[in-house]
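Have a look at the model while I talk.

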Amino acid sequence: MEKESRFSIGEISRLTGVTVRTLQYYDNIDLVPLEKDEENGRRYYKESDLTRLQQVLFYKSLGLKIKDINKLLEETTTAKQLISVLEKQREVFYYKLHDIKSNIAMIEASLAGMNENESLPLGNLVQLIISLNKDTIYQYKDVAFDKKAENTFMEHYQNWEEVLEIYWNWKALILEAVAHILNDIEPDSKQGQAFAKKWIEMVVSISEGNQDLLAAHKNSYKNREQWPEEDHRLMDFTDSFIDKSVDYYLSSGKSDVWRNKND
């Protein structure tokens, strides 16, 4: 019977790129323990240990904690169990992505306010940003859209990452509109028209030129009293500025493509 190959900790470090110190740590906590040669006392890995180490590195690359990885390796993991673990980990990353996008939206609003008056953001803008509830998006699950709109949204937005992208692109522009209003920016000004261009591009991106999808969003907008309170208030506060800036932009003939796609 062929003897199983042995590898020193240094060899495994060079093969995998994992530091010797990390491998020693995995050994100390029995995550990937080294074997011991009883004759000469040397520590080594077997080929089967490499498989275990590869599993550890795979789970670690997905952001799983060491204690969770240890539990996975100790149990007899079926495909169903692994799917459950990976789905939970995906939710963790989606929440992190959500948190990142919300922070970016707040930064964009702050920059909009600072670029206009070359000073620190106004106190009321700062207070608004501080008071924002990053989890407002999750309250939409309780919103009663009409059946046709709901079916349209379900058909087009099947990916949670896409929903996050759309929501925070919209929210970032809403917060930018707030900053413009608080800084007394006129809708027909250079800043107002730059905003209008971004708003139109956002609408085109969201609707994808699909009339049913655009109609569903318009229906949701008309019934925005059902939205989560924070978004409802922000939309009401910025509605007039957005309408005036977009109307002026369109009346100047700058966005015929948008008219053709979405009128």
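**Pockets in the model**

Let's start with who lines the largest pocket: 26 nonpolar, 6 polar and 7 charged residues. Here Ala, Val, Leu, Ile, Met, Phe, Trp, Tyr, Cys and Pro count as nonpolar, Asp, Glu, Lys and Arg as charged, and the others, Gly among them, as polar.

Quick housekeeping: this is a predicted model, where local features need pLDDT of at least 70, side-chain atom pairs count only at pLDDT 80 or more, and totals for chains, interfaces and linings use all residues. Numbering runs from 1 along each chain as its sequence is written, and side-chain values use heavy atoms, with hydrogens and water left out.

So how much space is in that largest pocket? About 1,400 Å³. By pocket I mean an open set of points on a 1 Å grid over the protein atoms alone, where a 1.4 Å probe fits, with protein on both sides within 12 Å along at least five of seven lines; lining residues have an atom within 4 Å of a point. The volume is the space filled by probe spheres set on the points, which are joined across faces, edges and corners.

Of its 39 lining residues, F153, I206, H217, S220 and W227 are closest to the centre. α11 gives the largest share, 7 residues; helices are DSSP runs (H or I, at least four residues), numbered from the N terminus.

The second largest pocket is about 390 Å³. Closest to its centre, out of 20 lining residues, are E165, W168, N169, A172 and L173. α8 supplies the largest share, 9 residues, and the lining splits into 10 nonpolar, 2 polar and 8 charged.

Definitions and conventions:
Helix = DSSP H or I, 4+ residues; strand = E, 2+ residues; numbered from the N terminus.
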